[in-house]
Amino acid sequence: MKLLVVEDEVRGAAFLQRGLVEEGYAVDIARDARSAEEAVALQSYDLIVLDVMLPGKDGFTLCQQWRRAGVTSPILFLTARDATADLVAGLDQGGDDYLVKPFAFEVLLARIRALLRRTLSARTPPVLVFEELEIDTNTRAVQRAGVPVTLTTREYQLLEYLAFQPERTISRTQLWEHVWETGSEPDSNVVDVYIGYLRQKLGRERIETVRGQGYRLKREVLHG
């Protein structure tokens, strides 16, 4: 899952990014309205954590602007503005949740999980099944033929992204942009390396290489 955190305070942004990455999310940071607009224009995020008081344009205006443009990513306001009128304004402008600073990080994580579950349940079941392969997107547990498969955070993120779009060819660039932070330097073969790790654990035939285009996760594979 890839999140965008829009937060102008440097230490606060770093704290959020570090904590969310430790929880298995890929996180981009925007520290002003213009950077946030550019980020959302370039790619789709699974969720946006949005401050209200930002340089250039306030978060309420950004949210309204994105909704009018058809951006459907869940938006969670995270702000020091605690007046009831602000909460109402945030939700009325298209926000999905509103959390006031200071906050417990565990509460933020729970709110994020709830919003992601709501979004995912509308388009996919919580447990994805491809023959003997089962992926529980709520618990991030993976089983192959009933046996638990241990995956690293990056391996799971890569598998989940492929599994949400089975039989669709996804380019290396798309995989890189979704699973790794946008600000990190692309490595020419890191995606291939992680695909190799997944094949070792899930079976080589489950993830197909589409020459010159990328990879796709197959619903069914030939056995025997």
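Which residue in S4 is the bridge partner of Leu50? Phe77 is, and a few notes on the surroundings follow.

1. **Ground rules.** This is a predicted model, where local features need pLDDT of at least 70, side-chain atom pairs count only at pLDDT 80 or more, and totals for chains, interfaces and linings use all residues. Residues are numbered from 1 along each chain as its sequence is written, and side-chain values use heavy atoms, with hydrogens and water left out.

2. **The sheet.** Five strands make an open, parallel sheet, ordered S2-S1-S3-S4-S5. Helices (H or I, at least four residues) and strands (E, at least two) are DSSP runs, numbered from the N terminus; two strands pair if DSSP finds at least two bridges between them. S2 (26–30) and S5 (97–100) sit at the edges with a single partner strand each, so one side of each has no neighbour in the sheet. On average, neighbouring strands are turned by 20° against each other, direction ignored. (Axes are lines fitted to C-alpha atoms, for helices over the stretch in contact; angles run from 0 to 180 degrees between N-to-C directions.)

3. **Back to Leu50.** S3 (residues 47–50) pairs with S4 (residues 75–79) in the parallel sense, over three bridges.

4. Contact here means heavy atoms within 4.5 Å. H1 (residues 10–22) lies across S1 (2–6), S2 and S4, and runs at about 170° to S2.

5. **Two domains.** The chain is split into domain 1 (2–120) and domain 2 (127–217), with bounds that come from an automatic or database domain assignment. Their centres, taken over C-alpha atoms, are 26 Å apart. The contact takes 14 residues from domain 1 and 13 residues from domain 2.

6. **What gets buried.** The two domains bury about 930 Å² between them, 42% of it on carbon and sulfur atoms. That is the accessible area (1.4 Å probe) that two parts lose on being put together, summed over both. In domain 1, Lys2, Gly24 and Leu120 lose the most area to domain 2, together 40% of what that side buries.

7. H1, S2 and H5 (105–121) each supply at least two residues of the side of domain 1 that touches domain 2, and the largest share, three residues, comes from S2.
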